[in-house]
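Reader: Hi! I have a structure to look at and I'm new to this. Could you walk me through it?

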Amino acid sequence: MFSTRNFNRSKPVLFILILFPSLLWAYQFVTGNLGVNPIEKLMDELGLMALRLIIITLMITTLSNIKPLKSIVVLRRMIGLFAFYYVCLHFSTYIVLDHFLDMQFIIQDIIKRPFITFGFISFLFLIPLASTSTNNMIKRLGFKLWKKIHYLIYPVAILACMHFYVLVRADKTEPVIYMGIIILLLLHRIFKRLTRPQLAQ
Amino acid sequence: MKILGSEITPYKTYLNRRKFIKGSLASTMLATVTSSAFANHDSDLSIYTKNLNENDKLNSYEEITTYNNFYEFGTHKKHPHLNSGNFKPRPWTIKIDGLVKKPQTFDLEKILSNVTIEDRVYRLRCVEAWSMVIPWQGFQLSELIKMAEPLSSAKYVQFVTVFRPEEMPGQQKRTIIWPYREGLRMDEAMNPLTILATGLYGHEMPNQNGAPIRLVVPWKYGFKSIKSIVEIRFLDTQPETSWETLAPWEYGFYANVNPNVNHPRWSQGTERRIGEFKRRETLMFNGYEEEVAHLYKDLDLTKFY
């Protein structure tokens, strides 16, 4: 049931499912159905979607350790690239719609406001990940180096989560839950690393 | 402040909208209307147009009542609109205590029978860098202060919001230390711009906007304008306020709108007026510099933000 082939077959459906919210929000934005403060709403939705997708890619790696779910890892690249897609939309909403390409203001904002700094660095770290996501790139870089580059997903996830945490004014439950999940997934990886040599014996 | 002919809100539009809102309200939920809470619209129009800047336009009733920060009903902007249905704003009393001649509890109806309700159109600037223009109905806080008869030793006024977790679901969670508290210096409280509002767009204050009575201090960030007030205390020392207690490095006691003093999360130099696409420049004291700048002439506003 959880064969590689089945996971591959689910990809087109998954593709549409993950793409759909962005199309819906764009449509709602253009038709004026995104509430009273549509730019803020669009930015929040896109950012939250990106963060959730980043966390899902981390979960996929962990889930693939469970034998019957091993093949789920074939979905990781697509979801990771979608995370990048949503981050790009989130960032361009901030640059174009929120600040109307006022670069002087935006640079000040990125430097002065920690939550924007976190978000911006997280975005920068995602760029090498997205641009090395083809099979060809894995071959050219070699799997070891490629894997090292892709460890960047941890600072990406943590910074994205901090970006969200600092933004929330009072009820921090949601960012705390996300941070908790990220830490658990990280701990699992560390645990795996530490126990691996013993298994080899 | 300049007043051009063009900047005066068309009175007819205002009244028509008012009728429409009242009409639709009456037909949908048979709202009971207390006439004393409304302004006398035959009075001088300049009462509510004189503070409207030439670039300002009223925000719609929908905008004002569906996009609110009122954490007592939840932390999302639409929560107050969605979660405030069970709140009962009547009967209502306000307790007056602290440094006053005689501590007492006023019935809201009694207060309303002793004051003149007038129209005030004010800009509201949220610390989150968005803003609106709202036609309030209310009376000057100074009128209530006179009724309260504070002692000469009273230098500050503290306000407390009602605590009713069964009617205000947001209070069931400790996002803020409840009840919400705010405060003003006595001269700020006595300033003619400072009002206690009991209505907006000509009908009773909606629950999500702070029914039945709330403070409006237009030259300060919105969080100073405390909602659903049940207690007013007169003090000789600066009172603790909710947001300042929660994050003193972000929110000060004064919280005057000031484009030159930055907030760690939001640049205060610009703002998004709800309903507009491009950001606009934030004005010093939210554009009420002429009326209030003198209150702070001896104060370092970068230190006392």
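Reader: What does chain A average in pLDDT?
Author: Chain A averages a pLDDT of 93, and 98% of the residues score at least 70. pLDDT is the predictor's confidence in each residue, from 0 to 100. This is a predicted model, where local features need pLDDT of at least 70, side-chain atom pairs count only at 80 or more, and totals for chains, interfaces and linings use all residues. Residues are numbered from 1 along each chain as its sequence is written, while chains are lettered from A and ligands numbered from 1 in the order in which they are written.

Reader: New topic: at what angle do α1(A) and α3(A) pack?
Author: Helix α1 (residues 4-30) of chain A packs with α3(A) at about 15°, and their axes are 11 Å apart. Axes are lines fitted to C-alpha atoms, for helices over the stretch in contact, and angles run from 0 to 180 degrees between N-to-C directions.

Reader: So what does that make them?
Author: The angle makes α1(A) roughly parallel to α3(A); angles under 35 degrees count as roughly parallel, over 145 as roughly antiparallel, 65 to 115 as roughly perpendicular and the rest as oblique.

Reader: Which residues make the contact?
Author: From α1(A) there are K11(A), L14(A), F15(A), I18(A) and S22(A), and from α3(A) M78(A), F82(A), Y86(A) and L89(A). Being in contact takes C-beta atoms, placed from the backbone, within 7 Å.

Reader: And how many residues of chain A are in contact with chain B?
Author: 12 residues of chain A, which meet 17 residues of chain B. On chain A's side, α4 (103-112) and α5 (114-131) are the elements that give two or more residues.

Notes:
Two residues are in contact if their C-beta atoms, placed from the backbone, lie within 7 Å. Helices (H or I, at least four residues) and strands (E, at least two) are DSSP runs, numbered from the N terminus.
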